[in-house]
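Have the sequence and the 3D view open as you read.

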Amino acid sequence: MVATEESKVEKITEKLEEIHMDDSNAEANNAAEEGAEDNNGGEATAAAKKKKKNKKKKKNGPKTQTEPPTVPVSKIYTTKVYPLGECHDYINENTWRTTSEEKRAEERPKEDDYNDVRRAAEVHRQVRAYARKIIKPGMTMTEIAELIENGTRALVEENGMESGIGFPTGLSINHCAAHYTPNAGDKVVLQYDDVLKVDFGVHVNGRIVDSAFTLNFNPKFDKLVEAAREATYAGIKEAGIDVRLCDIGAAVHEVYDSYEIELDGKTYDIKPIRNLNGHTIEPYKIHGGKSIPIIRDSGDETKLEEGEQLAIETFCSTGRGYVVEDGECSHYARSTDSGFVPLRLARAKSLLATINKSFGTLPFCRRYLDRLGEEKYLMGLRNLVDAGVVTAYPPLVDTKGSYTAQLEHTLLLRPTCKEIVSKGDDY
C-alpha cells in the first residue's frame, strides 16, 4: 500500500516537472520571437534614420545649362563670382601697371562693378552658344530674335532696371549692316545665301555687355567674315590707356586693306564701313561720349582713359563702304540730353511714362512695347521722336546687292590690365 502511494507521488511530480519545462520553453520561444520582431523593427528604424540622414546631406549644388538655355547663371555660379574675361597686359609706357600695388588697390573698390559686367558677359556667352548652334536657314527673324531674347531674360533673371536686355537684338542681313530687328508681323525668313549679323546686349545694374558676330551658311562668304574678325582683333590689340582713337582706326583699316573676296566669278575689295564706329559704354547708356573709328586718317587724336568700358566693333562691306538710313524703323532710345519737353498728346505722355519705367535710357524696339501690352502707340511714338524726347534709329544699309559683316567685343580698361569681358571659346 505504501509503495503504491509513493509510486503515485513520483508520477505526479514528474508530470508537474514536464508541465513546468513546457511552460519555460514556450516562454523562451515567445521571448525569442519578440526579440526577433524587436530586432527587425530596430533594423527598419535604423534604415529609415540612415535614409533621412542621407537626405539631409543632399545639398543644392551648382546646376548645368539646358538647351534651350533657361537656367540663370547665378544658379550655375553659386558663389555669385563670375568668370574673368581674357586679360592682356598693357604695353610700352604702361607696362608698369601690371605689377603696380597702387593700381591693384584702385581696382578693389570696383570689383562689384566688374562682377556685374562679367555676369552679363557670361549670359551673353551661354545664350550665343545656343544661338550659333540652332540658327539655320528657314527660320524667321522673329523666331531668332525671340530665342535670343528669351534666353537672355531667363539667364540674367530679368528684373526691371536691375538686369535684363541691353538693347534690341540686331539681325541685319546682307547689305543691311545694323539696326534691324523684326517688328510685329515681320515675315522675313533666313536663307542659305544670307550673311547675318547677330548683335545683342545684356545688362546688370546698367553695366552693358555689347558683343556681335556674323553667321554665314554658304562658305563662299568665309573671307568676308574672317576679315571682320581679324580687323576687330587688330583694333582690340591696339586699344589701351592713353591710345589715340585714330591709331585704333589705322590698325583696323590696315587689316581690311589685305582682304578681297571672289563672289560668283567677280572679285571685290573688302572695305571698312567708314561711317560706323566702335564706342565707349556708360551705365545705362550704350553709346558713351567717344566714337572709335575703323578707318585711317580719321584725325581724332582723343585718347582712351583708365577705367573706360568700350565696344571695339568693326564692319566691312563688298559695297561702297558707307551706310545710309533706309527701311521701317524698329530701334528707339530715350534721348539723354533733351531736357524737359512739354507734350500735348496724352498718348505720347503715357507712352513716355512706360518708356521711362521699363527702359530708362536703354534702347528698345516696338516688339518690346507690344510685350508690355502697349497698343495703338505709333502716333504717340512719332510725337516723342518729333519732339526730340526719343531718338529713332532706322536700319543702316550699304548698296543693295552688297554683303556686310561685323564682329564686336566689350573691353574694360582696368587700372592693371585690359580685359576682353565678352571673349569666349567661339570668338
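Which element gives the largest share of the lining of the largest pocket? That share, 4 residues, comes from E2. Please keep in mind that this is a predicted model, in which local features need pLDDT of at least 70, side-chain atom pairs count only at pLDDT 80 or more, and totals for chains, interfaces and linings use all residues. Residues are numbered from 1 along each chain as its sequence is written, and side-chain values use heavy atoms, with hydrogens and water left out.

**The largest pocket**

- The largest pocket holds about 790 Å³ of space. A pocket here is an open set of points on a 1 Å grid over the protein atoms alone, with protein on both sides within 12 Å along at least five of seven lines, and lining residues have an atom within 4 Å of a point. Grid points are joined across faces, edges and corners, and a volume is the space filled by probe spheres set on the points.
- The lining has 38 residues, and those closest to the centre of the pocket are His179, His279, Ile286, His287 and Tyr393.
- Elements giving two or more residues to this lining include strand E2 (163–173), strand E4 (195–204), strand E11 (309–317) and strand E17 (404–413).
- By class, the lining has 12 nonpolar, 16 polar and 10 charged residues. Nonpolar covers Ala, Val, Leu, Ile, Met, Phe, Trp, Tyr, Cys and Pro, charged covers Asp, Glu, Lys and Arg, and the others, Gly among them, are polar.
- The pocket lies between domain 1 (84–92 + 106–325 + 402–420) and domain 2 (331–393), because both give residues to its lining. These bounds come from an automatic or database domain assignment.

- Of its 20 lining residues, Ile91, Lys237, Glu238, Ala239 and Lys418 are the closest to its centre.
- Strand E1 (86–88), helix H6 (222–238) and E18 each supply at least two residues of that lining, and H6 has the largest share, with 4 residues.
- The lining of the second largest pocket divides into 8 nonpolar, 4 polar and 8 charged residues.
- The structure holds 1 cavity of 30 Å³ or more; a cavity is a set of points where a 1.4 Å probe fits but cannot get out.
- The largest cavity has a volume of about 30 Å³. Its lining residues include Ile248, Val252, Ile292 and Glu313, and E11 gives the most to that lining, with 3 residues.

**Aromatic rings and charges**

- There are 6 aromatic pairs in the whole structure. Rings of Phe, Tyr and Trp (its six-membered ring) pair if their centres lie within 6.5 Å; planes under 30 degrees apart count as stacked, over 60 as edge-to-face and the rest as tilted.
- Phe213 and Tyr427 form a tilted pair, 5.7 Å centre to centre with 45° between the planes. Phe213 lies in strand E5 (residues 207–216) and Tyr427 in the segment after strand E18 (418–420), so the pair ties together parts that are 214 residues apart in sequence.
- Phe213 is buried at 1% relative accessibility, and Tyr427 is buried at 5%. Buried means under 20% relative accessible area, exposed over 50%, and partly exposed in between (1.4 Å probe, protein chains only).
- Arg128 lies over the face of Tyr427, at 4.2 Å from the ring centre. For such a contact, NZ of Lys or CZ of Arg is within 6 Å of the ring centre and within 35 degrees of the ring normal.
- Tyr332, Phe359, Phe364 and Tyr368 form one aromatic cluster, and the charged end of Arg153 sits over the ring of Tyr368, 5.6 Å from its centre.

**Backbone details**

- Most residues other than glycine have a negative phi, and most peptide bonds are trans.
- His179 has a positive phi near 65°; His179 is in the loop between E3 and E4 and is partly exposed, at 26%.
- Asn174 has a positive phi of about 55°; Asn174 is in the loop between E2 and E3 and is buried, at 16%.
- A cis peptide bond, with omega of about -5°, joins Glu67 and Pro68.
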